[in-house]
Amino acid sequence: MAAILEIENLQTQFFTSAGTVRAVDGITYSVNHGETVAIVGESGCGKSVSALSILRLIPDPPGRVVGGHIRFMGLDILALSDAEIRKVRGRRIAMVFQEPMTSLNPVLTIGRQLTETLEHHLGMGREASNARAVELLGMVGISDPQRRLAQYPHHLSGGMRQRVMIAMALSCEPELIIADEPTTALDVTIQAQILELMRDLSKRLGVALIIITHNLGVVARYADRVNVMYAGKIIEQGSALQIYHQPSHPYTLGLLNSVPRLDRPRQAKLDPIEGQPPDLTRLGAGCAFQPRCRFAVTRCAQEIPPLETVSEGHVSACWRRDDLGEKMRDAS
Amino acid sequence: MYAYIIKRLILMIPTLFGAAVLVFVLMRLVPGDVCEIKMAGDGAFVDPEAIEICRQNLGLNDPVYVQFGQVIWGYLTFDLGTSMWTGRDITHEIGLRFQLSLQVAFMATLVAILIAIPLGTISAIKQDTWIDYVVRTFSIAGIAMPSFWLGIMIILGLLITTQAWFGDPWMPPIVYVSPFEDLAGNLSQLIWPAVATGYRYSAVATRMTRSTLLEVLREDYVRTARAKGLLERVIINRHALKNAMLPVVTIFGIEFAFLIGGLVVTEQVFNLNGLGKLFVESVETSDFTMVQQLVMLVVVIFVFMNFLVDLLYAWLDPRIRYA
């Protein structure tokens, strides 16, 4: 399988009055054709910024991609002109955003918001694009699609709106869809529906998917490969199985332990990760997770651990990944 | 929707009644009346009996509730009465000037819209560049400059440039002609006061357009539109401007009502026989009936503009529904 998207040493920074925020600090990963890749991490770890960087949607000022490469199907994304990147956005790489409540324009009809992409990218006429919009709404499981075209976002529930967002993302048959916390704002029952729908459609249409989430449960069920991010860096990378069964970074382990699970005794307490994520304007010399890490040793505060292989296709950035592998798992 | 419109129209009646009471009472709180000013205004001795007779004739000695009853009865029968000062028919007097004032108000609003929306939009898109600074300076200047001063400058400018270019100085005509008779003549008179007041009033709206648009451009749905690969022009026109227009529309609505009766000095500068001038003269002469009807005219326009703005809201934002 060939990689359709390769991100190499991507660095995105925000220049604020409080200092330079290294929101994304040298991440490298790739996405293969038709594959689902997850990016997992706490709020503010740079996962959304890394996604927005792919489509060059970082508001500038204050933000900018300052280094690295993004290659998509032979295109050097960071070197494209504004007109060229617009041909990629929505046409070849589409996005689904976190907040379906605010991500749809409240004063335009659902139909208009669907057809404008079709008209713009595919040059469809009014009738053809309306017909396609109806088809798309049907595809994402919205009942009575013809009538919905004339409705406004506030007529729809949150789950329905997210379906509309997905329909919008699918409309031009892109090769890649980036879903930034697509289910965070939704009810739990709806979350599963939306994720099933996305997985279904991506498998059926062969669309690659990047799912950004803070929920490792989502990852386990829907992703092929996982990138765990902390403080702007990828600190562990591997297949979903590897991450789930052999977490090799204390942070990944912490994330797993902080999720309630049905297969644990009911009395078992949740084990949260203590402390707060670090201030990205003032990172110390060592591992960014060290102040919160219960396995930290002196070296952790002095040198940043590099990503090193744990097993085939599984890397982790922890000085103690080898000698702590077993202990960490026992601790869970 | 129709039920809402009818409800709103009916609700206007108590508002107008309240305004009528207020104006009626306020006018009578001011010491002196039209008879004193007419006869003793210049300080000469006047037989108090003559003043008394004058009051008797104008009905100023009637009990207040009778006088008020007459005003209200006048509204019900569409008879605005006669001026206490000149004795002329008020409907006629206002009618003479209303056409001009309404036209200036319309044109000034149009000028303001044509300046404010494009400039505010450019300023927001080019935030913190020299274009933005130029626009902001231009609009601050509009707020700082009194429109009568701008009016004087315009007239002077016209005189000087026409003399320099054509040899003969040219000034806008002084006599009003209806636009239906002589459009060119009409416009050559009224375009200047419209520009002078429209510029000032565009300043507030430009700044409002800029700031609301900046806010809207940070909304999630604008990011969605960008992620769709739409052209920046489409994003601004289709996705952002309609959302940003609500507060701007409110400003235009309120300012329009003000323009009908509030252009006192500008009318003076351009020698226009408008409602503002009539207003001031009537207050000076304590012409109770005329002031009453002029204020009520402005109130009616104000209430109506507010109503219109509310309807525009519903059109601009489908989330707003009236029932």
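Predicted model: local features only at pLDDT ≥ 70, side-chain atom pairs only at ≥ 80, totals over all residues.

Student: What pattern does chain B follow along the sequence?
Tutor: Chain B reads α-α-α-α-α-α-α-α-α-α-α-α-α.

Student: What box do the C-alpha atoms of chain B fill?
Tutor: Taken along the principal axes, that box is roughly 85 × 65 × 35 Å.

Student: And what share of chain B is buried?
Tutor: Of the 323 residues in chain B, 44% are buried. The accessible surface of the chain is about 16700 Å², and carbon and sulfur atoms account for 69% of that surface.

Student: How many positive and negative side chains are in chain B?
Tutor: There are 22 positive and 26 negative side chains, and the centres of these two sets are 18 Å apart.

Student: Changing topic, how many residues are in contact between chain A and chain B?
Tutor: On the chain A side there are 27 residues, and they are in contact with 18 residues of chain B. The area buried between the two chains is about 2100 Å², with 59% of it from carbon and sulfur atoms.

Student: Which three residues of chain A supply more of its buried area than any other three?
Tutor: They are A:Pro106, A:Val107 and A:Glu116, which supply 26% of the area that chain A buries against chain B.

Student: What does the side chain of A:Glu116 meet in a salt bridge?
Tutor: Its partner is the side chain of B:Lys228, at 2.6 Å from N to O. The count of salt bridges between chain A and chain B is two.

Terms used
Residues numbered from 1 in each chain as written. Chains lettered and ligands numbered in written order. Heavy atoms only, no water. Helix = DSSP H or I, 4+ residues; strand = E, 2+ residues; numbered from the N terminus. Buried < 20%, exposed > 50% of the residue type's maximum accessible area, 1.4 Å probe, protein only. Areas by Shrake-Rupley, 256 points an atom, 1.4 Å probe, with all protein chains shown as cover. Lys, Arg positive; Asp, Glu negative; His and termini not counted. Charge placed at Lys NZ, Arg CZ, Asp CG, Glu CD. Contact = heavy atoms within 4.5 Å. Buried area = accessible area lost by both parts, 1.4 Å probe. Salt bridge = Lys/Arg side-chain N within 4 Å of Asp/Glu carboxyl O.
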